[in-house]
Amino acid sequence: AAAQRSFEGVLAPLDRSGRCVYYQDRNRRWPFHAGAEGHALLTDLLGAAARLVALSDARLRGLAEGSRLRREGEAIYARKPNRKAEDVTWSQDEYAHLGLQREYMRFKSVQRFTETWALLERARAAGCFRAAEGAEEGARCRVASLGGGPGFELHAVRLFFQRNFPEVTLELISLDLAETWGPYCEALGVAFAPWDVRDGDGLLARTGGPVDYAIIS
């Protein structure tokens, strides 16, 4: 219940015209709009994200320093707008911080999902999924998210394929240097492997074989 409350106000109910408002930014200053299909997709996403936040809360409660880590994570995330002049978001150590990861899943889930969905629609229009269009039942497709963290991009891929290419069986894997993302990927139903983006030669060894599509976030 507490994790669900983390997303209150992010997605408004559908209005009489079948439209809704949703927000991607932490302070909910910039509204976006979607129809009934988008509302259903976002409802699914927020349910999944709430489960990951609940897992994060449980992990933090199990640590003697959990309260401190949560406060530190909130402070680290809040500093991000002030670091634009440095042309960075967070350091690798900060990305691996359990408290920062909780904030990331609260505030980045919608953005990562919606941007990936838009990318998938554009890729389909450009003919990138021709093989999937004519796939037979049981055809397999491996999709890797490079630097994918908890896997919200892959959740978008999963729903996109379910709606458009239901015959295809997906193998989804998130690759990230911060191994602390692993339990969240597992909870989201995607595989995880530690990987450094500078290790191009080791990519396929980590994915378990050839990759059909890669997402770079």
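Predicted model: local features only at pLDDT ≥ 70, side-chain atom pairs only at ≥ 80, totals over all residues.
The largest nonpolar core contains 50 residues, of which Phe113, Phe129 and Phe161 touch the most other members. Two or more residues of this core come from each of β1 (20-23), α2 (36-61), α3 (66-79), α5 (98-107), α6, β3 (140-146), α8 (152-164) and α9 (182-188). The greatest contribution is that of α2, which supplies nine residues. A separate core of seven residues lies apart from the largest one, and its members include Ile173, Leu175, Ala193 and Trp195.

Thr116 is located in helix α6, which spans residues 109-125. The relative accessibility of Thr116 is 5%, so this residue counts as buried. With neighbours within four places in sequence again excluded, the contacts of Thr116 are Glu153, Ala156, Val157 and Ile215.

Zero disulfides are present in the structure. The cysteine sulfur closest to that of Cys128 belongs to Cys141 and lies 12 Å away, which is too far for a bond because a disulfide requires sulfur atoms within 2.5 Å. Cys141 likewise takes part in no disulfide, the sulfur of Cys128 being the nearest to its own. The two residues were also assigned to separate accessibility classes: Cys128 is partly exposed, with a relative accessible area of 41%, whereas Cys141 is buried, with a relative accessible area of 7%.

Aromatic pairs number 16 in the structure. In the pair formed by Trp90 and Tyr104, the ring centres are 6.4 Å apart and the planes stand at 70 degrees; the pair is therefore edge-to-face, the class for planes over 60 degrees apart. Distant parts of the chain are linked by this pair, with Trp90 in the loop between α3 and α4 (92-95) and Tyr104 in helix α5, 14 residues apart. Both Trp90 and Tyr104 are buried. These two residues belong to a cluster joined by ring pairs, in which Tyr77, Tyr95, Phe107, Trp181 and Tyr184 also take part.

Note on methods. Residues numbered from 1 in each chain as written. Heavy atoms only, no water. Helix = DSSP H or I, 4+ residues; strand = E, 2+ residues; numbered from the N terminus. Buried < 20%, exposed > 50% of the residue type's maximum accessible area, 1.4 Å probe, protein only. Contact = heavy atoms within 4.5 Å. Core = buried A, V, L, I, M, F, W, Y, C linked by side-chain atoms within 4.5 Å. Phe/Tyr/Trp six-rings, centres within 6.5 Å; stacked < 30°, edge-to-face > 60°.
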